[in-house]
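Please look over the structure below before reading on. The briefing that follows covers the ligand site, a pair of helices and some backbone details.

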Amino acid sequence: MFLIIVATNDSILNSLIYQEAKRKRILINVIDDRSKCSFIFPSIVDRFPITVAVSSGGTAPVLTRMIKERIESILPMNLGNSALLAERWRSHVKLKFKKNTHRRYFWEKVFNGIFVSHVLNGNLKKAIKTLNTEIKQKKSFKGEIFLVGAGPGDSGLLTLRGLQVIQQADVILYDSLVSSDILSLVRKDAKKIYVGKKANKLCVSQKNINSMLINMARNGNKVVRLKGGDSFIFGRGGEELEIAKKFGINFQVVPGITAATGVSAYAGIPLTHRNYSSGIIFITGSNKEKEKNSQDWSFISKCKNYTLVIYMARLQSTYIFDKLKFNNYPLDMPMALIEKGTTSEQNTIIDTFKNLKKLSCLMKRPTLLILGKVVSLSKELSWFKKNSN
Ligand code: SAH
């Protein structure tokens, strides 16, 4: 025997056969008795030659079935034909592209492109023509920079495009606000480089980050610059792209859900509401008067019918409080301080503006400050339960 399947209802006999098989090192599966199996039968999604096997090691067959059903629904029936066709081109592709990464780029482009649609529509002639054209095209394999917004924390808030891009990256330069859940979605073989802050100081200077981006892209890599929230909102995304432009490097931008929209949503605060707020102002709390574009506090304080979202406010709460108060911002304006929003550690304090200084000290990084009448709706609309995601 090479492999044995035992399906009797005699448990003593089953045990005997199991012991014997174990002694003779023969593969054995005693049906419905996990402890007497040296192998298991996974649930199979069959798109020949593509096979997806799902198993919970016998612990949760219903869950396994649900996962299998999901996968069944997203993999088109004749997807396997794409693989069968691709196989015929593998040796040509190997001859044409000597480097592993170049072959990977080629196939990524093919499988992301019209080729698969032709196969799925049963139009094999067109699919073959597409492959022929692709392989003949002169490839430049120039590196590129992808500026990707990872959203505020919950990995479910990464966009589909963001996911696609991080799964094709050669290198990822990421910041401290990028959650570990999102990092686990990055292509396994990609080089991951942390360039965030440590104890509020950049551990890699902006100048170094810029030169790393440029050098890696110049070496032909797909470089992903992954940032928390949206890269164009208090994320220095613009500055990094200006440098890329200066050095003639191609780039793409994948927007992310910024803290203001993501965190407010998870705190049950609609940023606009016909009865309370007719607009939103996003500002940073961290640039003081000495900087070129400091805030116009007198203007901001007048916007009482707007929602004011202040990023990086925690450490500047005294300064912000004094400026707004000096300009007669209402002390009883509803205020929310939300720490680690959208994550399982989200912590929300709802109070009024007059207690900003006192309450900021209780919060940790990152914290978002929201001021405005809409904040009062949180009591009614808050829905997100910690540790429930
Ligand atoms: N580009 C980011 C903002 C970077 S500035 C974005 O679009 O969201 C960093 C500030 O963003 C933090 O100081 C904090 O005010 C806010 N922030 C980011 N993620 C947050 C989160 N999960 N919870 C609360 N505030 C957050």
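This is a predicted model: local features need pLDDT of at least 70, side-chain atom pairs count only at pLDDT 80 or more; totals for chains, interfaces and linings use all residues.

**Ligand site and backbone notes**

A nitrogen atom of the ligand lies 2.8 Å from a polar backbone atom of Gly341.

**Around the ligand**

- The protein covers 91% of the 540 Å² of accessible area that the ligand has on its own.
- A nitrogen atom of the ligand is also found 2.9 Å from a polar backbone atom of Pro152.
- For Thr258, the side chain is involved: one of its N or O atoms is 2.6 Å from an oxygen atom of the ligand.
- There are 18 residues around the ligand, and those that come nearest are Asp230, Ile233, Thr258, Ala259 and Thr367.
- By class, the shell around the ligand consists of eleven nonpolar, five polar and two charged residues.
- Two elements, α11 (259-266) and β16 (367-371), each supply at least two residues of this shell.

**Helices α3 and α6**

- Two packed helices are described by the angle between their axes and the distance between the axes.
- Helix α3 (residues 80-96) packs with helix α6 (residues 124-136) at an angle of about 10°, and their axes are 11 Å apart.
- Angles under 35 degrees count as roughly parallel, so α3 is roughly parallel to α6.
- On the α3 side, the contact is made by Leu85, Trp89, His92, Val93 and Lys96.
- On the α6 side, the contact is made by Leu124, Ala127, Ile128, Leu131, Asn132, Ile135 and Lys136.
- Sorted by class, the contact of α3 with α6 has eight nonpolar, two polar and two charged residues.

**Backbone details**

- Most residues other than glycine have a negative phi, and most peptide bonds are trans.
- Phe48 and Pro49 are joined by a cis peptide bond, with omega at about 0°.
- Pro49 sits in the loop between β3 (43-47) and β4 (50-54).
- A cis peptide bond also joins Arg365 and Pro366, where omega is about -5°.
- The loop that holds Pro366 runs between α14 (356-360) and β16, and β16 is one of the elements that supply residues to the shell around the ligand.
- Asn328 is not a glycine, yet its phi is positive, at about 65°.
- Asn328 belongs to the loop between α13 (317-326) and β14 (334-339).

Definitions and conventions: Residues are numbered from 1 along each chain as its sequence is written. Side-chain values use heavy atoms; hydrogens and water are left out. Axes are lines fitted to C-alpha atoms, for helices over the stretch in contact, and angles run from 0 to 180 degrees between N-to-C directions. Helices (H or I, at least four residues) and strands (E, at least two) are DSSP runs, numbered from the N terminus. Angles under 35 degrees count as roughly parallel, over 145 as roughly antiparallel, 65 to 115 as roughly perpendicular and the rest as oblique. Contact means heavy atoms within 4.5 Å. Ala, Val, Leu, Ile, Met, Phe, Trp, Tyr, Cys and Pro count as nonpolar, Asp, Glu, Lys and Arg as charged, and the others, Gly among them, as polar. A residue is near a molecule or strand if one of its heavy atoms lies within 4 Å of it. A polar contact is a pair of N or O atoms within 3.5 Å; within protein, one must be able to donate a hydrogen and the other to accept it, and residues adjacent in sequence count only if both atoms are side-chain atoms. Accessible areas come from the Shrake-Rupley method with a 1.4 Å probe; for residues, only the protein chains shown count as cover.
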